[in-house]
Amino acid sequence: MAAELNPLLDDFVFPPFDVIEPKHVRPAFQSLLAKLKGGREVQEKDLVELESTVEPTWPKLVEPLEKIIDRLSVVWGIVNHLNAVKDSPELRSAIEEVQPGKVEFQLRLGQSKPIYNAFRTIRESSDWESLSDARKRIVEAQIKEAVLHGVSLEDGKREYFNEVQQELEKLSQKFEENILDSTKKFEKLITDKKDIEGLPATALAMAAEMASSKGHKDATAENGPWVLTLDAPSYRSVMQHARNRSLREEVYRAYVTRASSGDHNNTPIIEQILKLKLEKAKLLGYNNYAEVSMEMKMATINKAEELIEELQSASWNAAIQDMEDLKILAKAQDAIEANELNQWDINFWGERLRELKYDINEEALRPFFSLPTVINGLFNLAKMLFEIEIEPADGLAPVWNNDVRFYCVKDSLGIPIAYFYFDPYARPSEKRGGAWMDVVFGRGRTFSRDGASPRLPIAHIVCNQTPPMDDKPSLMTFREVEAVFHEFGHALQHMLTKQDESLVSGTRGIEWDAVELASQFMENWCYQRGILMSIAKHYETGESLPEEICLKLISARTFRAGSLMLRQLRYASVDLELHTKYIPDGSETIYDIDQRVGTRTNVIPLLLEDRFLCSFSHIFADKYAAGYYSYQWAEVLSADAFSVFEEAGLDNVKTIKELGRKFRDSILAVGGGKSPDQVFVEFRGLEPSPVALLRYTGLFISFNS
């Protein structure tokens, strides 16, 4: 296929998602990445030219480097995005074929000594102090990243380092594929309504729709049959509402053992990933991979462990009381499991206790949280805080699925400053689970089309919430509402950047343990009465959520907070343990470590058969390896930042707007152009403290005692 006919290689303003097919991937990357073929290919020629003409100046070093990095990251980003939202065997095969070339080029670029030496010359020059903070950060990050990419290794060691990196990329890709395949593989057909007693109407309708798609054409929500899956909306409904304990157990066991057996077994993949990351660390002169990871973060291993221990201490007694409360309720209901609650009982009885304690039912509240109303309220909040207008722009840019919406973000003068896609609904057959924000284009002066204004940032926000059914809009759980606010916070940091240096614009160049600050900051607004009332209106009548229910929802924020915190700390702890203490082929297996961590984070023991690690894609197929603690680290920052608004008075609109502008101009605007701790202090006026987080979660009293 000729390069000029390949949509991946077009000079597009918006990616042509509607015409990109798996058949385009191979020729596109052959054009971009082919190595050692007489320098004919564009990307190789650009790098060779940069190395031969490089000078330690911005126009002769950084700007051409930006263009090389951007061209590759944009095309790979599009392909990787389609792999996450429109999976197919053909696309997998194409990615598997081109990935080695992509990794080879990234290593070649990262290990370029002419580029590395030019950055070092800038760092050591007499002009250093005259550089802006952003440019200093770029230079220092490029030097550090080059070292972590192996630029200083001798030839033999560098070759082996590159082999290790190639294998790690391949293993991570396979890890994610195994999760998707094993999740899709599980289907539970139910024909007797007694077996799914307790499931809400939304879940029954979803299960009947799934059954219909599997050939049971006459399936209805009322009479079935129903097909349950391990997709998040289906799984959560069973765990929270199914009265059939044996069904809960079956579904729970299937969920925590995903990708742990047969053709989709991730166990050997995890072991090999950990082994190779340890070897990579030692090649670079570190004791373990966590030390490598911390080089690009705010924290150290010790500081991360100290935070985990501090939060664990604050949460443990509260979690024990949580479990006692569940046992008391189960006993009062004469449940046979009352004296021996297991993992598949916790969410069920937790939901019953929440209903009893706060008189609120998550499923009954869905009609008040329709997606259009939630989005409208979220956009109005962004307008108040950050002086932006968000307008539908459907049709302006091609999309990959008809459910995808496209929006334009404008400043207070009505001038476009960013765009974003929103893909809200679960599609289990082709879309991976979870919710995320990712970058299509970053802001940058170097990529200006008119020579004056910078290229505008574009993001995509992806969720997996309940789709519209039976002529009803998507009716959301409150958890799904929080997820949308969270991912929108990430997108805001990408889109509202004022940084014109592309290597530190948006979320780029920010230490990884600070990237969750903006997202978790936005989550806090879900629990503010005025905002909650603006997004909670009945989808048919327009009736606002009753005041007493609104207040109960806000009060329920602290419900089982100790248990929920310990759940996150388990993930953070096992991540650090695996990347600091795990010895490949040693006496302690990966599951032994998880069980050992579980004694500190789980009030009731984990199942011995628990294989959660096999679906822990954050650390084995994403960027959170030795970094999952970042959620708690950034949660401290976000809660403390939000407390500034609270201290000013949330009803004081004038002051809230002023603080919103300050938050935008500091935390959201500067990107990676300043260190996160410096930016935080500029906004807050103080060093961060965990007190606000503990107060919001109701754990402050437990912490003090």
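Visitor: How many residues of helix α17 are buried?

Guide: Helix α17 (residues 517-524) is mostly covered, with 7 of its 8 residues buried, that is, under 20% relative accessible area with a 1.4 Å probe and protein chains only. Helices are DSSP runs of H or I with at least four residues, strands are runs of E with at least two, and both are numbered from the N terminus. The model is predicted, so local features need pLDDT of at least 70 and side-chain atom pairs 80 or more, while totals for chains, interfaces and linings use all residues. Residues are numbered from 1 along each chain as its sequence is written, and side-chain values use heavy atoms, without hydrogens or water.

Visitor: Which residues of α17 are the buried ones?

Guide: They are Leu517, Ala518, Ser519, Gln520, Phe521, Met522 and Asn524.

Visitor: And what covers them?

Guide: The cover includes α15 (371-386), α16 (478-495), α23 (630-648), α24 (653-668), α25 (676-684) and α26 (691-696), where contact means heavy atoms within 4.5 Å.

Visitor: Turning to cavities, how many are there?

Guide: A search of the whole structure finds 4 cavities of 30 Å³ or more. A cavity is a set of points on a 1 Å grid over the protein atoms alone where a 1.4 Å probe fits but cannot get out, and its lining residues have an atom within 4 Å of a point.

Visitor: What lines the largest cavity?

Guide: The lining of the largest cavity includes Leu517, Gln493, Ile667 and Phe680. Leu517 is also among the buried residues of α17. Helix α25 gives the most to this lining, with 3 residues, and the space inside is about 100 Å³.

Visitor: What about the second largest cavity: which residues line that one?

Guide: Pro233, Arg236, Ser237, Gln240, Glu362, Glu363, Arg366, Thr477, Arg479 and Glu480 do. Two or more residues come from each of α9 (232-241) and α16, and α9 has the largest share, 4 residues. About 70 Å³ of space lies in this second largest cavity.

Visitor: Now the sheet. What is the order of its strands?

Guide: The order is β3-β4-β5-β7-β6, in an open sheet of 5 strands with mixed pairing. Two strands pair if DSSP finds at least two bridges between them.

Visitor: Which strands are at the edges?

Guide: Strands β3 (389-392) and β6 (436-441) are, as each pairs on one side only.

Visitor: How does β3 join β4?

Guide: Strand β3 runs antiparallel to β4 (residues 405-410), and 4 bridges join them. In one of these places, Pro392 has Tyr407 of β4 as its bridge partner.

How values were computed: Buried < 20%, exposed > 50% of the residue type's maximum accessible area, 1.4 Å probe, protein only. 1 Å grid on protein atoms, 1.4 Å probe; cavity = no way out; pocket = protein on both sides within 12 Å on 5 of 7 lines; lining within 4 Å. Points joined across faces, edges and corners; volume = space filled by probe spheres on them.
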